[in-house]
Amino acid sequence: MNLHRKGRTALVLALVVVVAMAFRVSWNALRDIAGAIGADSTAATLYPFVVDGLMALALIATLVLTGDARRFALRVLAAYTIASLVLNYVHGLVPELHGRSVDWGRLADWDPANWALVLLATSLPVGSIYFGSDLVAKVLHHRPAPITTPTANAEESTGTERNRSSSDLKVSTPAPVTPNVAALPRAVAVGFLKSAIPAKSVGAIEQPTPAPIERRPVAAESSRPRRATGRVPEVARTPRPKRSPDELLAEARKATAGWPDARLTAEGIRREVRTSPANARTLRDTLRAERGLQAV
């Protein structure tokens, strides 16, 4: 992965170097063309950035945009590429442009061709303002579509399969078993045939008429929500046997007889004797005092 990233970085840097060198070659021709159509030295110096710079902007917009906006950026890129190519071609055909000895506004000997070239060269800066602003607006308002990963689809399908109800699954019903009478013994076959013969119809037995059930009034169910029950009253609680302090101390002595001094804590005594934290602290202090007296 790291090698792949380095290769992509090197490719981008190489592209930047090639574009920079190509811009330098085209810059000289476009500067001379701008001087020939009446631009001063500063405007002629900035003219190549107007043409070739918009080409770079349209290329970046092509990589970002999608759909109709991307096709528009491709058309702008193609149009300015052709325009730059034509102006470079004219610069190569007219040697006077190299020494800046050509007449002002004269790019070709034939008048229609000269008018077309002058119109092309002078319209490129205005087109750069319009098309450049439009491309930047399209890029800023572009919202890329979310990409759904295969993992998310797999998890969704798994969850859908897991949430299917058991009633949706097909339940196979076993086919009825029909015994082969010819393969059965004679006695068994006769018994089976007798059981298969329909019995004679028996007259219906008269059923006693049931007595009508009396309807009793039923209390209507209350729609009011039930009130939450509070704490259990003290009278209904089962009283716990209360132990005196001496009984608690005796029980604590018995429970902690084999404990080391580090284990003799209030929490340990409380869990062992099952008493309150206050009683546990009192028992701890008493037992530690007793152990101290015994050590003396």
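This is a predicted model: local features need pLDDT of at least 70, side-chain atom pairs count only at pLDDT 80 or more; totals for chains, interfaces and linings use all residues.
**Close-up views of an all-helix chain**

The chain has 296 residues, and buried ones make up 21% of them. Take the contacts between residues with a separation of 6 or more: 62% of these link residues 24 or more positions apart.

**View 1. Helices α2 and α3 pack against each other.** Here we look at α2, residues 41-64, beside α3, residues 67-93. Their axes come within 8 Å and cross at roughly 150°. Angles over 145 degrees count as roughly antiparallel, so that is how α2 and α3 lie to each other. The crossing of α2 past α3 is left-handed.

**View 2. The residues where α2 meets α3.** On the α2 side, look for Tyr47, Val50, Val51, Asp52, Leu54, Met55, Ala58, Leu59, Ala61 and Thr62. Facing them from α3 are Arg70, Ala73, Leu74, Val76, Leu77, Tyr80, Thr81, Ser84 and Leu87.

**View 3. The largest nonpolar core, with Tyr47 in it.** This core has 30 residues, and Tyr47 and Leu107 are the ones with the most contacts inside it. Helices α1 (2-36), α2, α3 and α5 (111-140) each supply at least two of its residues. Which helix gives the most to this core? It's α3, with nine residues. Zoom in on Tyr47 and, setting aside residues up to four places away in sequence, you'll find it touching Leu30, Ala34, Leu87, Ala121, Leu124 and Pro125.

**View 4. Ser128, a buried residue in α5.** Ser128 sits in helix α5. Is Ser128 buried or exposed? Its relative accessible area is 12%, and buried means under 20%, so Ser128 counts as buried. Beyond residues up to four places away in sequence, Ser128 touches Val50, Leu54, Tyr80 and Ser133. Val50, Leu54 and Tyr80 also turn up in the meeting of α2 with α3.

**View 5. Arg274, in a loop between two helices.** You can find Arg274 in the loop between α9 (266-273) and α10 (277-295). Its phi is near 60°, a positive value in a residue other than glycine. Exposed means over 50% relative accessible area; Arg274 has 71%, so it is exposed.

View 6. Arg291 belongs to helix α10. With a relative accessible area of 22%, Arg291 is partly exposed. Which residues does Arg291 contact, leaving aside neighbours within four places in sequence? They are Thr256, Ala257, Trp259, Pro260, Asp261 and Leu264. Take Asp261 from that list: Arg291 and Asp261 are 30 residues apart in sequence, and their C-alpha atoms are 8.7 Å apart in space.

Definitions and conventions: Residues are numbered from 1 along each chain as its sequence is written. Side-chain values use heavy atoms; hydrogens and water are left out. Axes are lines fitted to C-alpha atoms, for helices over the stretch in contact, and angles run from 0 to 180 degrees between N-to-C directions. Helices (H or I, at least four residues) and strands (E, at least two) are DSSP runs, numbered from the N terminus. Angles under 35 degrees count as roughly parallel, over 145 as roughly antiparallel, 65 to 115 as roughly perpendicular and the rest as oblique. A crossing is left-handed if the near helix is turned anticlockwise from the far one by less than a right angle, and right-handed if clockwise. Contact means heavy atoms within 4.5 Å. Buried means under 20% relative accessible area, exposed over 50%, partly exposed in between (1.4 Å probe, protein chains only). A nonpolar core is a set of buried Ala, Val, Leu, Ile, Met, Phe, Trp, Tyr and Cys residues joined through side-chain atoms within 4.5 Å.
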